[in-house]
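This report goes through one protein chain and its ligand, one region at a time. Please keep the structure open while reading.

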Amino acid sequence: MSKGRHRPEWHPATPPQDAVFASSVMDGVAGGHDGLPGQSSSGGSKPVARRRHLTVPDYVEGVRAGDRTILARAITLIESNAPGHLAQAQEVLQALLPYTGGALRVGITGVPGVGKSTFIEALGVMLCERGHHVAVLAVDPSSSVTRGSILGDKTRMEALSRHPNAYIRPSPTGGSLGGVTRKSRETMLVCEAAGFDVILVETVGVGQSETAVRGMVDFFLLLMLAGAGDELQGIKKGIMELADALVITKADGENRIRAMSAQADYNKALHYLAPATPGWKTRARICSAVTGEGIAEIWSEIERFREVTTASGVFQERRRQQTRDWLHALIEDYLRSRFFNHPAVKARLPEIEAAVVAGTLPVTAGAQALAQAFEEAANG
Ligand SMILES: Nc1nc2c(ncn2[C@@H]2O[C@H](COP(=O)(O)OP(=O)(O)O)[C@@H](O)[C@H]2O)c(=O)[nH]1
Ligand SMILES: [Mg+2]
């Protein structure tokens, strides 16, 4: 592994290949992350306790007590792709489940450079000062390429990462979007059981990850730049339809006036879109993480959203629906992978693919033939 990058602090006594680890961990920043204030996580002298094997009750009690080291290890366990770890992770989750669900879950998306991390820093610090406990997670399926961009972001979240009420967790590098979102959802639950009452999920708005994050949060915030008012169509419209609030960032200095004009444009455009949440009107606002303008107002709006949708039942129903959707998504992933990895399917797929492409076999007949081969083999 490259310098400055190493395996998670938690790993089995007899290390298998590095490949089983869903995440690799960069050298820690000097801050309170992972409960190691001011100490590099690759530092030479590690407390003995960090190496100790943890049982399921150890994890559960440690997380419930808000022990940052054990919280970090529980998340690392969840992020592991090793089959042996999956069973233990699920036992831990099962035990923690009664203590989950208490946080307000907020997703934050926008193109790279729009100011997500800076916004999260400003909002997060404000919330921590008010006594909230804030966990920041990232969903970034591309991070196996960019290697956990939130780690670079941690320099943008310096004050927040040092705040005792905050916990910042980099994106798991799990490969597929499905894998990354499973880990992020479960990490979110563990953070709730640890007592965090606000979960902020950052995701880059460049692919399908914003749809995945919309599926795991209560409130979805889209950050936008001024000067984009003339390109309201296309992909942006699709993302705008997912948002419960639209925020024009960097409304400071000379840009403030442009931000206000963009706000007016977006409010007009939003008028014609179906609301992302029934009974809630999505509005555009402006904010500046530099002057602090708009940050407190956005939080008030998120709180009002919770009140309105809780009173109408939409809040609770969305969570139930998200959980059902999650179950179905996992089943689909499982079946898809069983199907395509089955020797009977693998043996016939190339020939059937070639036949449908050549136009000698109807596509439906080809799919049926594969399904039949799979079922016959699966039924013995
Ligand atoms: N003037 C101004 N610059 C900002 C503001 N928020 C972020 N920036 C700058 O915009 C750049 C990108 O910010 P960042 O938070 O990393 O964006 P992300 O990629 O969406 O997470 C950085 O150079 C920030 O300093 C703001 O409110 N006002
Ligand atoms: Mg960022």
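## Cys 287 and its surroundings

Apart from residues within four places of it in sequence, Cys 287 is in contact with Val 247, Thr 249, Ala 251, Glu 293, Gly 294, Ile 295 and Ile 298. The model is a predicted one. Cys 287 sits in the loop between strand 9 and helix 12.

Is Cys 287 buried or exposed? Cys 287 has 25 other C-beta atoms within 10 Å, so it is buried; the cut-off for a buried residue is 20 or more. The C-alpha atoms of Cys 287 and Asp 252 are separated by 8.1 Å, although the two residues are 35 residues apart along the chain.

## The chain as a whole

The protein chain contains 15 helices and nine strands. Of its 380 residues, 38% are buried. Among contacts in the protein chain with a separation of 6 or more, 72% are between residues 24 or more positions apart.

Which residues are closest to ligand 1? The shell around ligand 1 holds 16 residues, and the closest are Gly 115, Lys 116, Ser 117, Thr 118 and Ala 289. Sorted by class, this shell has four nonpolar, seven polar and five charged residues. Helix 4, residues 116–129, supplies the largest share of the shell, with three residues.

Helix 4 is mostly covered, with ten of its 14 residues buried. Among the buried residues are Lys 116, Ser 117, Phe 119 and Ile 120. The 14 residues of helix 4 should span 20 Å at 1.5 Å a residue, and the end C-alpha atoms are 20 Å apart, so the two values agree. After helix 4 comes Gly 131, which has a positive phi near 100°.

## Helix 14

Helix 14 covers residues 343–358. Its 16 residues reach 24 Å from the first C-alpha to the last, close to the 22 Å expected at 1.5 Å a residue. At Leu 349, helix 14 bends by about 40°, and a proline, Pro 350, follows within four residues.

Why does helix 14 lie largely in the open? The number of buried residues among its 16 is zero, and therefore helix 14 lies largely in the open. Just after helix 14, Gly 359 has a positive phi of about 85°.

## The largest nonpolar core

The largest nonpolar core has 74 residues. Val 63, Ala 74, Val 190, Ile 199, Val 201 and Leu 221 touch the most other members. Helix 2, residues 68–79, gives the most to this core, with seven residues. In soluble globular proteins, nonpolar side chains tend to be buried together.

Leaving out residues up to four places away in sequence, Val 190 touches Val 63, Leu 71, Ala 74, Ile 75, Ile 78 and Leu 96. Ile 75 is also touched by Arg 169, a residue of strand 5. Arg 169 has 24 C-beta neighbours inside 10 Å, so it counts as buried. Between Arg 169 and Ser 184 there are 9.6 Å in space, C-alpha to C-alpha, and the two are 15 residues apart in sequence.

Lys 250 lies in the loop between strand 8 and helix 11. Lys 250 is not a glycine, yet it has a positive phi of about 60°. With 22 C-beta neighbours inside 10 Å, Lys 250 counts as buried.

Thr 277 is placed in the loop between helix 11 and strand 9. Thr 277 counts as buried because it has 20 C-beta neighbours inside 10 Å. Not counting residues up to four places away in sequence, Thr 277 touches Asp 244, Thr 309 and Val 314. From C-alpha to C-alpha, Thr 277 and Phe 219 are 8.9 Å apart in space, while in sequence they are 58 residues apart.

Asp 244 also has a listed distance to Glu 301: their C-alpha atoms are separated by 9.7 Å, and the residues are 57 residues apart along the chain. Glu 301 belongs to helix 12, residues 295–312. Glu 301 has 19 other C-beta atoms within 10 Å, so it is partly exposed.

Notes:
Residues numbered from 1 in each chain as written. Chains lettered and ligands numbered in written order. Predicted model: local features only at pLDDT ≥ 70, side-chain atom pairs only at ≥ 80, totals over all residues. Near = placed C-beta within 6 Å. Helix = DSSP H or I, 4+ residues; strand = E, 2+ residues; numbered from the N terminus. Nonpolar A, V, L, I, M, F, W, Y, C, P; charged D, E, K, R; others polar. Buried ≥ 20, exposed ≤ 12 C-beta atoms within 10 Å, placed from the backbone. Contact = placed C-beta atoms within 7 Å. Expected span 1.5 Å × (residues − 1). Bend = angle between axes of the 7 residues up to and from the residue. Core = buried A, V, L, I, M, F, W, Y, C linked by C-beta atoms within 7 Å.
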